[in-house]
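Welcome! Let's walk through a protein together, one question at a time.

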Amino acid sequence: MELETLLGYVFSYQVILLVLIVIGLKSSIKFVPQNRAYIIERFGKYNTTLEAGLNFIVPFIDTVAANRSLKEQAGDVPEQSAITKDNITLSVDGVLYFKVVDPYKATYGVEDYTFAVTQLAQTTMRSELGKMELDKTFEERDLLNTNIVSALNEAAAPWGVQVLRYELKDINPPNSVLDAMEQQMKAERLKRAQILESEGDRQAAINRAEGDKQAIVLAAEADREEQILKADGEAQAIIRVAQADAEAIETVGKAAATQEGQKAVQLELAKGAIQAKEKIAKESSIVLLPDSGTEIGSVVAQAMTIANAIGKKA
């Protein structure tokens, strides 16, 4: 009976020891997920930082004090009021993107790094907006975001946090300022429209003047060409008339050299003499004719004598 009792005690101790060993092994093995880090403390003091993968700690002595995410995080920056350089009150909000780069500093450097970074973003945003005028806040958002990120990284370095970017979501000026800005934009648009209209009128006037000038030049050139062509035509006509007269004279001369031609010449001269005397008779009431000139033969003879005399002189 005593032996059975002793064996029971032995087996119970073995079971307890086995259970303790299993629990110890389980407590000593730590599987750290990707992009996370475990802060290990020993007797309440920082000991080490476990990175992703399989890790071992001393059971019952080492404890996981903090579990930090190394992923990029996004946080809303609540809406707040800020005063610009030209004393305009704005309501602005934004989005902050950051991540933990040093788990030790993020655990022991600040109580709550997310809250701290958000508060720092608000104060920095107010400070940066105070350096700019209202118009610049709308025109230079990228510069404003860059300045805020630079200031945040400088201040958050002791916390083990890196600010990746900051984006302003909304900038809401007062209604009175919005009305003034709308009137200003309307005036700017009206001014640009008037400038464009005047530029269009000026260009149209220039184009019309250029067109008139070109029309005058073309008309002058056309008139000159017309005169040249007309003169050329008249010259060609004179030349052709002269050529025709020369050919006619040549033809008449050749014909007059024959016997029949002489008769024709005598006939033409007689006609001419008769026509001349008829003209004289019409213009004067008294006509004196020689006795020998009353016959056609004598008239022809006189005309031939005159024609022969003219031919000798020529």
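**A short tour of the sheet**

Visitor: Over how many bridges do strand β7 and β8 pair?
Guide: Keep in mind that this is a predicted model. Strand β7 covers residues 89-100, and its pairing with β8 is antiparallel. Altogether, β7 and β8 are linked by 10 bridges.

Visitor: Which helix packs on the sheet touching β7 and β8, and what angle does its direction make with that of β8?
Guide: Look for residues 141-156, which form helix α5. This helix packs on the sheet, and its direction and that of β8 make an angle of about 140 degrees.

Visitor: Which strands stand at the edges of the open sheet?
Guide: The sheet has 3 strands, paired in the antiparallel sense, in the order β6-β7-β8. Two of them have a single partner strand each, so one side of each is left without a neighbour in the sheet. From one strand to the next, the twist averages 25 degrees. The edge strands are β6 (73-83) and β8 (161-172).

Visitor: At what angle to β6 does helix α3 run?
Guide: Helix α3 spans residues 113-129 and lies across β6, β7 and β8. Its angle to β6 is about 35 degrees.

Visitor: Stepping back, what percentage of the residues in the protein is buried?
Guide: The protein has 8 helices and 8 strands, and 314 residues. To count as buried, a residue must have under 20% relative accessible area. The buried residues make up 23%.

Technical notes. Residues are numbered from 1 along each chain as its sequence is written. This is a predicted model: local features need pLDDT of at least 70, side-chain atom pairs count only at pLDDT 80 or more; totals for chains, interfaces and linings use all residues. Side-chain values use heavy atoms; hydrogens and water are left out. Helices (H or I, at least four residues) and strands (E, at least two) are DSSP runs, numbered from the N terminus. Buried means under 20% relative accessible area, exposed over 50%, partly exposed in between (1.4 Å probe, protein chains only). Two strands pair if DSSP finds at least two bridges between them. Axes are lines fitted to C-alpha atoms, for helices over the stretch in contact, and angles run from 0 to 180 degrees between N-to-C directions. Contact means heavy atoms within 4.5 Å.
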